Amino acid sequence: MAHYPEVTMPTFAECADRERMRFQDELFDFLRIPSISTLPDHQPDIARAADYAKQQLAQAGLESVEIIQGSGHPLVYGEWLGAAGKPTILFYGHYDVQPVDPIDEWISPPFEPTVRDGQVYARGASDDKGQVLANIKALEALRQAHGQLPVNVKFLIEGEEEVGGEAVSDFVASNPARLAADAALVSDTAMYLPETPTICTGLRGLVYTEWIAKGTAHDLHSGLYGGVAPNAVFGLVEMLASCKDASGRVLIPGFYDDVEVPSEAERLSWDRIPFDEDAYRRDEVGAATLTGEPGYSVFERVGSRPTFEVHGISGGFTGPGAKTVIPAAAAAKVSARLVPSQDPLAILRIMQDFAAENAPPGIEIDVQLIHRAPATLAATDHPMIRTASDALRDTWGRETVFIRSGGSIPVVGDFQEHLGIPTVLMGYGLPDDALHAPNEKFSLRNFHMGIASTGRFLELLGERAAG
Ligand code: BES
Ligand code: MN
Ligand code: MN
């Protein structure tokens, strides 16, 4: 019998390792595209980013890769369904990014990815290009190692997550068969601490609105009419101030009616997670004191309690110098973060009723919906969450921590509602990644460990499922 030199296929880890630098270069190329979804001038960049994502999916070996042009910014979709009898994972990510202002505060330009101290600085580095690319690269390395994937994969990437766009929601609602899967996997959240593998079990929902106040028929001289004419800016401020008390409790009747209390087990698990409130206040929040409802921990206030916030107010005179005017109109952007089982449209309605009934004399306030998303909560004992948590533990060498996050990812609610599947929120960001802020960054170690974690998750899923 002839002897042949032993030829072994490289493992997934070896493939990922061999391609490290190329994977990183391709991440930087993705980060150079200024795909800001909210600014119309960046429409061509949105198209370029969608093309780049499409090319990446194809390079990873996905099939039927296409750009889907619907109502808004394009969706990108690809799939690989060659693992007969194995589960199907629906991946999701977003290629759009937030605006860069205040631009003066960036140490290096937001669309020139720059590495400092093992972190790549660029808008979208962590939210979400670095994370979605880690997942694509996991697929690419798995394909290189095995010539195929251990499970079936569908991959959906959208371009208007940061603006609450409806395109992805419409697509999910009208294509349940095409998107059918056993679970979704989203890497668009953060780890609790560096080197601490984390699964996010809950996201808050959101109802984002604009409050438009009208007082007099036109602006008036504040000397001639001050004392008799209703002031729209002041009326709006009074209205907003009456929505929440000084301790942070929302005063809109019915606001808390449907709020679910987290289980005893979940609260106990939060108590076991080490947390330095003072360091958090100083280093992450950067404030002299934390605010919020008395009697609730920080975890509860950002994870399992709803909020009412004002994002900006406009109206009247704000230019240099002085102008004595009673403004006739004012507007504010206002949102509430929601928790299970609050219904975004029900909360919108009680806001509208409250504004209609309680606006100050002479002021009319109209509350208009901009976008909405429900809160989501995953069961930690779901088999998919278990496998993901095992894969993270294997990769990082530490037990996985389960937390809820205060942020929102609207599509997770659509996956639950229209596809009936849970979402595994396995994020590789860090708490100091500066999402939506100047000097956003992503840890390159987390990029590579993210690739390894997602690869391990799919391998474990494939092993555990009867083939
Ligand atoms: N990736 C974030 C949400 C996030 C970040 C969740 C960190 C958990 C941890 C996402 O891109 C985001 O910013 N979402 C918006 C949604 C809104 C525009 C509909 C949000 O939460 O404000
Ligand atoms: Mn995101
Ligand atoms: Mn974001």
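The manganese ion (ligand 2) is held by H94 (NE2), D127 (OD), D188 (OD) and D188 (OD), at 2.0 to 2.3 Å. This is a predicted model, where local features need pLDDT of at least 70, side-chain atom pairs count only at pLDDT 80 or more, and totals for chains, interfaces and linings use all residues. Residues are numbered from 1 along each chain as its sequence is written, chains are lettered from A and ligands numbered from 1 in the order in which they are written, and side-chain values use heavy atoms, leaving out hydrogens and water.

**The metal site**

- Donors here are N, O and S atoms within 2.8 Å of the metal (3.2 Å for Na, K and Ca), and sites may look incomplete because water is not among the atoms.
- The arrangement around the manganese ion (ligand 2) is irregular because its six donor atoms subtend angles of 57 to 167 degrees. Six donors would count as octahedral if opposite donors were over 155 degrees apart and all others between 65 and 115.
- Along the chain, the donors of this manganese ion (ligand 2) follow the spacing H-x32-D-x60-D.
- D127 coordinates both the manganese ion (ligand 2) and the manganese ion (ligand 3), which are 3.6 Å apart.
- H94 in strand β3 (residues 88–94) and D188 in the loop between β7 (183–186) and β8 (198–203) are 94 residues apart. Strands (E, at least two residues) and helices (H or I, at least four) are DSSP runs, numbered from the N terminus.
- Both H94 and D188 are buried, meaning under 20% relative accessible area (1.4 Å probe, protein chains only).

**Aromatic pairs**

- The whole structure has nine aromatic pairs. Rings of Phe, Tyr and Trp (its six-membered ring) pair if their centres lie within 6.5 Å, and planes over 60 degrees apart count as edge-to-face.
- Y92 is in strand β3 and F415 in helix α12 (residues 410–419), 323 residues apart.
- W211 and F308 are also edge-to-face, at 5.9 Å and 80 degrees. W211 lies in strand β9 (residues 205–214) and F308 in the loop between α9 (298–303) and β11 (309–315), so the pair ties together parts 97 residues apart in sequence.
- Ring pairs also link Y192, W270, F275, Y280 and F299 into a cluster.

**A buried lysine**

- K154 sits in strand β6 (residues 152–158).
- K154 is buried but has no salt bridge, and the nearest side chain of opposite charge, E79, is 5.1 Å away. A salt bridge needs a side-chain nitrogen of Lys or Arg within 4 Å of a carboxyl oxygen of Asp or Glu.

Conventions
Buried means under 20% relative accessible area, exposed over 50%, partly exposed in between (1.4 Å probe, protein chains only). Lys and Arg count as positive and Asp and Glu as negative; His and the chain ends are not counted. Four donors count as tetrahedral if all angles lie between 85 and 135 degrees; four count as square planar and six as octahedral if opposite donors are over 155 degrees apart and all others between 65 and 115; anything else is irregular. Rings of Phe, Tyr and Trp (its six-membered ring) pair if their centres lie within 6.5 Å; planes under 30 degrees apart count as stacked, over 60 as edge-to-face and the rest as tilted.
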